[in-house]
Amino acid sequence: MGQRTAIYCRVSTSDQSCSRQEWELLEYSRIAGFEVVGVWKEIASGAKNTRPERKKVMALAQKRQIDLILVTELTRWGRSTIDLVQNIHDLQRWNVSLLAQTGFQFDVSTPQGKLVASLMATLAEFERDLLRERIRSGIAAAKARGHTFGRKIGERPKSDRLAPKVLKLLEEGRSYRFIASELKISKNTVMDIVHRSRVQI
């Protein structure tokens with residue numbers, strides 16, 4: 001009996017179809033002698049975090065219910081180098097291989113597969129460093145242009161927005177507790193708004 005295989009297909013938009021991927025991977029599995037346990041298909045952008053079907057396949061891998069994940073290309077599976085490496089790291093721990101029909105594979109049972117995974121981890125770390133550098137550079141450039149980050153000192157967007165309603169209800173004789181419940185804010189926020197309005201007067 002061949003390796004227990006989960007076939008994963010993905011397209012980016014709803015006007016595309018997984019049919020070609022599914023047919024090619026089923027045929028590939030038949031020739032290779034794999035035991036296909038199921039086909040998982042979904043429509044999702046390559047960079048999208050929420051991929052419920054991929055999560056189902058990973059759950060099977062974690063439970064050791066499959067030996068292999070088969071895709072047409074690694075880009076169908078991974079969102080980025082970092083994401084791909086993290087997945088491969090998890091699959092290695094579960095002794096599950098990831099195979100792309102194009103020939104690129106991470107066969108955890110071979111020294112070559114382990115070497116490639118190690119190289120990919122190094123590249124992912126490099127990608128993380130570049131990302132951090134770009135973020136720091138972007139923040140520095142924005143600050144140089146006068147852009148400020150975070151809330152300014154003394155700024156209270158929500159309470160300032162609700163202040164007129166709080167004061168109106170207070171004039172109508174409503175209690176702090178009632179106002180807090182009515183506007184879905186804390187009693188302390190109501191008290192703070194009232195206090196600031198009196199100080200300003």
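This is a predicted model: local features need pLDDT of at least 70, side-chain atom pairs count only at pLDDT 80 or more; totals for chains, interfaces and linings use all residues.
In which strand is Val 37 found? Val 37 is found in strand β2. Residues are numbered from 1 along each chain as its sequence is written, and side-chain values use heavy atoms, with hydrogens and water left out.

**View 1. Overview of the chain.**
The chain holds eight helices and five strands. Helices (H or I, at least four residues) and strands (E, at least two) are DSSP runs, numbered from the N terminus. From the N terminus on, the order is β-α-β-α-β-α-α-β-β-α-α-α-α. Of the 201 residues, 33% are buried. Buried means under 20% relative accessible area, exposed means over 50%, and partly exposed lies in between (1.4 Å probe, protein chains only). Take the contacts (heavy atoms within 4.5 Å) between residues at least 6 apart in sequence: 63% of them join residues at least 24 apart.

**View 2. Strands β1 and β2 pair in the parallel sense.**
Strand β1 spans residues 4-11, and its pairing with β2 runs over eight bridges. Two strands pair if DSSP finds at least two bridges between them. Arg 4 has Glu 35 as its bridge partner in β2. From β1 the chain crosses through α1 to β2, and this β-α-β crossover is right-handed. Right-handed means that, with the strands pointing away from the viewer, the path from the first strand over the helix to the second runs clockwise.

Val 37 is partly exposed, at 39% relative accessible area. Not counting residues up to four places away in sequence, Val 37 touches Arg 4, Thr 5, Ala 6 and Ile 66. Ile 66 lies 29 residues from Val 37 along the chain, with 7.8 Å between the two C-alpha atoms. In a regular strand, side chains alternate between the two faces of the sheet.

**View 3. A salt bridge joins Lys 41 and Glu 22.**
A salt bridge is a side-chain nitrogen of Lys or Arg within 4 Å of a carboxyl oxygen of Asp or Glu. The N to O distance here is 3.1 Å. This pair links distant parts of the chain, with Lys 41 in strand β2 (residues 35-43) and Glu 22 in helix α1 (residues 19-32), 19 residues apart. Lys 41 is partly exposed at 41% relative accessible area. Glu 22 is also partly exposed, at 22%. Side chains of opposite charge can pair when their charged atoms come close.

Lys 56 is partly exposed, with a relative accessible area of 44%. Glu 53 is buried, at 18%.

**View 4. Glu 172 and Lys 168 meet in a salt bridge.**
The N to O distance is 2.8 Å. Glu 172 is partly exposed, at 45% relative accessible area. Lys 168 is partly exposed as well, at 49%. In the whole structure, a search finds seven salt bridges.

**View 5. Aromatic pairs.**
Rings of Phe, Tyr and Trp (its six-membered ring) pair if their centres lie within 6.5 Å; planes under 30 degrees apart count as stacked, over 60 as edge-to-face and the rest as tilted. The count comes to two aromatic pairs. The Tyr 8 and Trp 77 rings have centres 5.1 Å apart and planes at 85°, so this pair is edge-to-face. The pair links distant parts of the chain: Tyr 8 in strand β1 and Trp 77 in helix α3 (residues 74-77), 69 residues apart. Both Tyr 8 and Trp 77 are buried. Tyr 28 and Phe 34 form a tilted pair, 6.3 Å centre to centre, with 45° between the planes. Tyr 28 is partly exposed at 27% relative accessibility, whereas Phe 34 is buried at 18%.

**View 6. Arginine charges over aromatic rings.**
A charge sits over a ring if NZ of Lys or CZ of Arg is within 6 Å of the ring centre and within 35 degrees of the ring normal. The charged end of Arg 54 sits over the Trp 77 ring, 5.4 Å from its centre. The charged end of Arg 174 sits over the ring of Phe 178, 4.5 Å from its centre.
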